[in-house]
Structures are given as structure tokens and as C-alpha cells.
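User: I would like to go through this structure with you, beginning with the spaces inside it and then turning to the ligand.

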Amino acid sequence: MCGIVAYIGNRDAYPILIKGLQRLEYRGYDSAGVALINKSGNLNVYKRKGKVSDLLSFVEKKDTSGTVGIGHTRWATHGEPNDVNSHPHYSQSKNLVMIHNGIIENYAAIKERLIKKGHVFESETDTEVLIHLIEDVQKNENTKMGYAVQAALKQVIGAYAIVLLDKNDPDVIVAAKKGSPMVIGIGHDDFFVASDASPIIEYTKNVVYLEDEQVVVLRKGHEIKIRNLKDKEVTPYIQKLTLELESIEKGGYAHFMLKEIYEQPRSVLDSMRGRINATTGEIKMGGIVDHEKKFEKAKRIIFLACGTSWHAGLVGEYLFEEFARVPVEVEYASEFRYRNPIIYEDDIVIAISQSGETADTLAAVELAKSKGATVLGVCNVVGSSIARATHGGSYTHAGPEIGVASTKAFTAQVTVLTLMALHMAKVRGTLTESRYRQLLYELETIPTKIEEVLKLNDQLYKIATKYKDCRNALYLGRGVSFPVALEGALKLKEISYIHAEGYPAAEMKHGPIALIDEEMPVFVIATKGANYEKVVSNIQEVKARKGKITAVVTFGDKEVKAMADDLIEIPETDEFLVPLISVIPLQLLSYHIAVLRGCNVDQPRNLAKSVTVE
Ligand code: G6P
């Protein structure tokens, strides 16, 4: 969380920083700030509680000139979101300024030490402590900023991506990272630094992804210089970005979330493209090919994930157990990493993460690796920390997801997990050839079926107008539709702030049934399949207590139609593939309800897209 952006070169830095911050705002949006050094050598720092737009109004008519600058958008960890705690932060002399993404865990001890030496702190942040420490080292050792950063970071426990400016040396930017992402853009005669490539792509496609414990010195007119904390020079590995500008813009949609919901026919297709051939019965996944023997022999699969990705893992549990007949555990990464989990060498651990940067998932991956398991990744962001930390895996080709509430990443994850489960089934011989082929053919029809579901948008808007003022909502599903119920409820609470719970339909009578009255909307996934009749009984139980039923059913359903207040009819598909299409109306419903309530759909309060703190 927190977005950082920096520029040094010959252009005006301010517009680059602001545009960059707007692109990074998904990473945090409780305050924003910039620091620029102008031609006369003055260091101007402007920061404000609120969004980048608040910063823009605050800065209007102030001096924003300068060809070197840093910018930050914050998601508070230490200290409440206010003007003082916003970044950038000054050093004691106010000659250095710094922005930071991450958490310095031992900041309190360092702060105490510095206070004893006479340092005075303005904010409650760990960031201010770090920049004071860097200056302290710089003064004591009488060294250049790059070395001072190296030396100071050796004293630090925690995660960071930092960028610094020095008023007395305006031709240089120093940056470093550990555990938080950082990418350096290399232009003709300028450099860019950012938390992801989105602020950079319109200026250059040449980038270097900084590795942990590396410090980079970007000096105007010089080559990029990277050293690690052991003071060893590192040769920069320059990569070409494949990201396109259009993919990170709204393209005529009111919100990124809506655009991303509508992108799903393509993103699901892209996640299968080149990997599946129903005619030959082949599934090719480059990133797992080296692990086929492990797939054959694995005694257990463990999914590690957080949030929506955890729900994708739950769908995966049904798929892997059904198709590949392998026991599956789905773990919250944050819980897994702080237990003493039992992991065997013949376990396959699969980390699922859209961003590939979630701190808990990354730490859980490292733990599983240290215990000898084969660890694979299902990530969306190419080159992300989890993608790099795992032994192999498969990318979801959903394209950049910017709306904080995850939509297309979920369906892309489920698509890739389906392919993996089918591939594992093939390797282990646990499905008949005809069932295997039938599933492959059916999977290929999913993008078209998603298109059909998207046509229900007007109907879903109408249903949303009915429930926009509700205070609670219940989502029910059974079998593979249970995780979809969880995901539907998560979508609603994330963006509309309505309390919502997802429940296995049969469990309802052990608690949530007490909440049901004529005010309570109940969204049920009741598509055709083995559990259909059971779910119909659950619907009756809700009706008997005057609950309002909106049911997602298979096209042509008559039984539920007779009971439901609203019916959302979706195309028929194999019951194990239903999540890929039944989640779409739930995403659209949440979207419309949130918009009708006047909520900020793309940037819901208190949430961030990429949670790089534990
Ligand atoms: C945050 C996001 C969620 C996401 C979760 C896990 O909470 O707001 O949308 O599902 O992190 O993120 P990951 O990038 O690991 O999938």
C-alpha cells in the first residue's frame, strides 16, 4: 500500500508526479504529497490529508516548478491520516525529504535513540524516523546520501520502498526497497521511480525492477547505479514493458470497476489462450511443466491467499478435489504464516494473488518454501514479488486491475485454477477422457456465456434500486457456489458499506436465519446441479420468514421462479464451472447499489488494492 513516484530529468516534474499519483491512488488514498526542488535550489514540500484531488487544489498557485521531485499517496499505518503524517517527511535539518511505502518495525527503538541525540519529530510516522536516521548516519560518517542510505537500512527491520531528495544535491535521487515493490523507468536523459509501471509507461518502456536490499542512485546525466546493502555493485537488468496505456485508463466507463467487470469475457479468454485445446485434449501451462511429477505424486494441495483471492482458492478446493482427487486446504496467508503449519515435501502449495505483492501471502510463500514444499504462484502482475518468489506457476492474464474491489482478477484466477485442476487430473488419471474433454469444451464457451450475463445489466440495475437502502444482506450458496456467495457478500460490503454475510445455504439455519425478516434481502445462487433441490428447500425456509429472495438460476428455471422476488437467469454450464458466470451478476449488483448510494466505487474507504503491510 502507499504509492510512490519520482522523477529526475529535464521535464517539469510536477505534472508527471501528479499523473503518476492519480494512477497509483488505488494503493492508498488517505493523504498525498509532493516535494520538488526548483531552479533556485529551494525545496518545496506540499502535502494534504485526502485524495490527490485535494492536494491539487491545495497546491494551486504555489510554486511547483522543478525538474526533480517525489510524490506519495498514503494508506496510513503509523499515525492517523492527517496533514502532518502525510509524506514526504523531512530530516532533522530539513535538507533531506523522503517518501516511504512499508513499515519500519523497529522504529520506536531508533526514535528513542535519536531523541536522546536531540532529534525532534513532527509526526507519528515510522518514515520520519527513518529519514532522521539516514541524515544522522550521513553526518556521522560524512558520506554521500547513497552510502548513508545503505548504512541506515542495515539497522532497519521491516519493509520499505523509499525515495529521497537532498536539497544540497539537487541532481540526484536515491531509492531503495525491501519487501515493497519498486520499478525504475529509464528514459533518454531522465529517470522515473514508481511502485508499479503505470506512472512510467507513457514516457519509457525500459524498466528495471529493483530487488530487495538494493539501493539505486539516479544522477542526472549519469548511468543508473545500483548497489546492495553489502555494498556490492549490481548490474541493472533492463526489461521492456509490455503494458499498454489504454489498459490502465477508463476507456469511457464511469468507473474502473465497471470497465473491469465488462472486460471479463476477454480476460477469461486471455487466461486460457494458448493453454487449452479441447480438440486435442491438451492443456499447456509453461510455468508448471517442470512440476508435473510433483502433480502426479502430490498428497495435498494448500492454497494461500487473502481477500477475493482466498475465495478463488475456495473454488479451487472444489475443483481439485473433484477432478484430481487430491485433498485441499485453503488457508488465509495471514493465519498460516503465524502458525507452525505442518508441511510435507510432497505438498504443493499454490499462492494466489492478483497483485503478487500482498505481504502476508509473500511471507507465507517464504515459510512454505523453507519447509521444503513446491510452491507455485497464480499471480496477475508479471514480475511481482510473489511471482518471483515461487518455484513456478501460471499468470492470470486479466490485465491491470485498478478498481480496489477485485472482479476480473477473480474470474481469471478461477479460470487458471480450473486449468491446473484439469491438468492435474489428466496427469493422475482421475477423470475419464470423455468427462475431461467435456469440461474442456465447456470451459471454452465460458467467455460467450459471460457476455450473455453482462446483457442483464439493466435488470440488475433495477434490482439494485430496490435494495440500495438495505442495512444488511445475506448471500447463500452450496457446493462450489458457496465461495461465490462469500465473494458476492464481500463485493457488497467493500464498496457500498452495507453489512453482508456469505453463508453455506444449509448452515443458515444455525444462525443467520434469526436475522431474516421482510427487510432482509437474501441473494441465493440456485443454479442447476447436484445441490439444486437442497437449495430450493433453503429458499423456502427464507420465504417462510418473509425474506426477500433474489435468485441466480439457470436459464428457464421454473421452480425457483415461483418463489423468488427477482430471478437472474444465467446460461447453463457444467456445475463446476458455474462460479465463472454466477459471480458476474453479483458484481454488477454491488456496483449499482454502491453507485446509487453515492459511494466511491473505485476507492472505497479504508481499503487499498495492494496490501503490502501485514
Ligand atoms: C486487498 C484488495 C482485495 C484483494 C486482497 C488480496 O484486500 O482490496 O481486492 O482480494 O487485497 O490481494 P491480492 O493482490 O493478493 O490478490
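Analyst: A cavity is a set of grid points where a 1.4 Å probe fits but cannot get out, and its lining residues have an atom within 4 Å of a point. Please keep in mind that the model is predicted.

User: Which strand or helix gives the largest share of the lining of the largest cavity?

Analyst: The residues that line the largest cavity include Cys2, Arg74, His100, Asn101, Gly102 and Asp126. Strand E6 (96-104) and helix H4 (126-141) each supply at least two residues of this lining. The largest share, three residues, comes from E6.

User: How much space lies in the second largest cavity?

Analyst: Searching the whole structure gives two cavities of 30 Å³ or more. Among the residues lining the second largest cavity are Thr527, Lys528, Pro571 and Glu572, and its lining divides into two nonpolar, three polar and two charged residues. The space in this second largest cavity is about 40 Å³.

User: Which helix gives the most residues to the shell around the ligand?

Analyst: The ligand is surrounded by 13 residues, with Ser309 and Thr358 among the closest, and the shell divides into four nonpolar, eight polar and one charged. Three residues of this shell come from the helix that gives the most, and that is H9 (residues 307-324).

User: Which residue has a polar side-chain atom 2.6 Å from an oxygen atom of the ligand?

Analyst: For Gln354, a polar backbone atom is 2.7 Å from an oxygen atom of the ligand, and for Thr308 a polar backbone atom is 3.0 Å from a ligand oxygen. The polar side-chain atom that lies 2.6 Å from an oxygen atom of the ligand belongs to Ser355.

Methods. Residues numbered from 1 in each chain as written. Predicted model: local features only at pLDDT ≥ 70, side-chain atom pairs only at ≥ 80, totals over all residues. Heavy atoms only, no water. Near = heavy atom within 4 Å. Polar contact = N/O pair within 3.5 Å; in protein donor to acceptor, adjacent residues only side chain to side chain. Helix = DSSP H or I, 4+ residues; strand = E, 2+ residues; numbered from the N terminus. Nonpolar A, V, L, I, M, F, W, Y, C, P; charged D, E, K, R; others polar. 1 Å grid on protein atoms, 1.4 Å probe; cavity = no way out; pocket = protein on both sides within 12 Å on 5 of 7 lines; lining within 4 Å. Points joined across faces, edges and corners; volume = space filled by probe spheres on them.
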